[in-house]
Amino acid sequence: MKTIVGMFSVGAFLMLSTVCLCAAQEPIKIGCLFDLSGPAGHIGTPSKYVAEMLADRLNKAGGVNGRLIKLVFGDAESNPGKAAIEAKRLIENEQVVALIGPTRTDSAMAIINLIETSGTPNVGCVGGTPPVNPVRRYVFKSPQKTVTAVQKVYQYLQKQGIKKVALITATDGFGKEGEQSLKELAGEYGIKIVADEKFDVTDVDMTVQLTKIKATDAQALICWTIGPPGSIVAKNVRQLSYTIPLIQCHGLPDPKYIELAGDAAEGTIMPSTKLMVAAQLPESDPQKKLLLDFINEYENVRKYGKVNTHSGYAWDALMLVVNAIKTAGTDKTKIRDAIENTKGYVGISGIYNMTAEDHCGVGVDSMVMIKVAGGKFELIK
């Protein structure tokens, strides 16, 4: 009897020792640099929710390689200078093994030198192309490049037989990049730009610019901006009784756009990730199950509100890092190498295939064209 009791005691001790050993392992710290306040707070805050949602899911499943994930957040405050300060704190003080974010392209550019000199893998959640063009050793991003969205728009217009377009773009960095890409690629798709107007993101009316455009022979109007200005353009277009289609950019697929633009949003067209029309995808689409599961947890279980096209960027950024850690461990250089060698990762925003020449990993086929119909987003087939 004593022998049996002794055996149980030894077994219990060994089990307890194993549990204590696992519990004693330090969590893996990953930095999350988002705009939690300021003009881009409406994008950065949901990014935080998504990162937390994924980390909770991973930790409930046992973490990564037996270690829990610990997210350490920094608020870039929609300010490149603040982004640089917070990135430095996360890397040097918090000793994170990788960094996801920031939210905006100008903030991503502000931290590049720190990322490269510190050798910290970074997967940004920015729409702009400059952070990964030219390719930097430690810098990656999860959203499609601006140039990719432009290609998607021009492919659509080409199929519609549209050859003359007018542009109206914001004067901020995002708008300027869109304008540049639209101009550079126009000839490749047989498209002529017949008007090019601009507005400041703080403007509350664009009718002057749009009146000039209406006097041209443009067959479509392309607007390149993000947030509320896109809704203002849509309203002004409706007020001026435009008969040509309004094409918005890949930053506008968001229920907030429809809410702010109201009836003026009807019929507007834009490139988007598949997330916005997940239920309309064919059953054969490899992303569909993941997308529907993501939407259900975000909207119904956690009740964060409605998803938008930005919602998946933080998920994909964190998963790219986590998958790399699973393969390579927590050495920063090895994480970087593993991210660069990512192949076939089915994510929220696309199916990622990174290379040494492409630190984005998703192309034109990761996007779809959608339109607003009946107050909802509809897949254009």
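Reply: A residue is called buried under 20% relative accessible area, exposed over 50% and partly exposed in between, using a 1.4 Å probe and protein chains only. The model is predicted, so local features need pLDDT of at least 70 and side-chain atom pairs count only at pLDDT 80 or more, whereas totals for chains, interfaces and linings use all residues. Residues are numbered from 1 along each chain as its sequence is written, and side-chain values use heavy atoms, with hydrogens and water left out.

Leu-114 counts as buried, at 18% relative accessibility. Leu-114 belongs to helix α4 (residues 105-118), helices being DSSP runs of H or I with at least four residues, numbered from the N terminus. Beyond its neighbours within four places in sequence, Leu-114 is in contact (heavy atoms within 4.5 Å) with Ala-84, Ala-87, Lys-88, Ile-91 and Glu-92.

A nonpolar core is a set of buried Ala, Val, Leu, Ile, Met, Phe, Trp, Tyr and Cys residues joined through side-chain atoms within 4.5 Å. The largest such core has 53 residues, and Tyr-154, Leu-157, Ile-222 and Tyr-257 have the most contacts inside it. Helix α5 (residues 146-159) gives the most to this core, with 6 residues. Another core, of 47 residues, lies apart from it and includes Cys-32 and Val-50.

With a disulfide defined as a pair of cysteine sulfur atoms within 2.5 Å, the count is 0. The sulfur of Cys-125 is too far for a bond because the closest cysteine sulfur, in Cys-32, is 8.5 Å away. Cys-223, which is in no disulfide, has its nearest cysteine sulfur, that of Cys-249, 7.0 Å away. Cys-125 is buried at 5% relative accessible area, and Cys-223 is buried at 0% relative accessibility.

Notes: Helices (H or I, at least four residues) and strands (E, at least two) are DSSP runs, numbered from the N terminus.
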